[in-house]
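Biologist: Could you take me through one part of this model, slowly and in plain words? I'd like to hear where it sits and what is around it.

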Amino acid sequence: MKTYMEAILEINPNAKIKITVPQGESETYDKIVWINADEQIDEATLNAKVTEINNRDAHIYPRKEAYPSIQKQLDMQYWDSVNGTTIWADAIAKVKEDNPKSE
């Protein structure tokens, strides 16, 4: 799940802000302190950007969870080179196929 900070930086990479979220609380628009008031992005625009980012990147977390560990991938690559197989490439392709990017 993307945050306001990521959305703000996609809209304005030079924005100067401070977000303080006490432990156990959720990040909300009213917790954003805009250092330069003229850089402030309205809540509706910011929420739309967060939604856009989350939709665009929805495939990332499931892929991270589905990929074999780095150790397993290296082992697959080694044995593929020894045996002339494509086990590693097949495993990665399967993860990508099962968790496609949003269009």
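This is a predicted model: local features need pLDDT of at least 70, side-chain atom pairs count only at pLDDT 80 or more; totals for chains, interfaces and linings use all residues.

Modeller: If you skip the neighbours within four places in sequence, E10 is in contact with K49, I53 and R56. With R56 there's a polar contact too, where the two side chains come to 2.8 Å. W88 is another story: 78 residues separate it from E10 in sequence, and the C-alpha atoms are 34 Å apart in space.

While we're here, have a look at the aromatic rings, as the structure holds 2 aromatic pairs. In one of them, Y4 and Y29 have ring centres 6.2 Å apart and planes at 75°, so this pair is edge-to-face. It ties together distant parts of the chain, because Y4 belongs to helix α1 while Y29 lies in the loop between β1 (17-19) and β2 (32-34), 25 residues apart. Y4 is buried, at 10% relative accessible area, and Y29 counts as buried at 14%. Y78 and W79 make an edge-to-face pair as well, with 4.9 Å from centre to centre and 80° between the planes. Here Y78 counts as partly exposed at 46% relative accessibility, and W79 is partly exposed at 41%.

Note on methods. Residues are numbered from 1 along each chain as its sequence is written. Side-chain values use heavy atoms; hydrogens and water are left out. Contact means heavy atoms within 4.5 Å. A polar contact is a pair of N or O atoms within 3.5 Å; within protein, one must be able to donate a hydrogen and the other to accept it, and residues adjacent in sequence count only if both atoms are side-chain atoms. Rings of Phe, Tyr and Trp (its six-membered ring) pair if their centres lie within 6.5 Å; planes under 30 degrees apart count as stacked, over 60 as edge-to-face and the rest as tilted. Helices (H or I, at least four residues) and strands (E, at least two) are DSSP runs, numbered from the N terminus. Buried means under 20% relative accessible area, exposed over 50%, partly exposed in between (1.4 Å probe, protein chains only).
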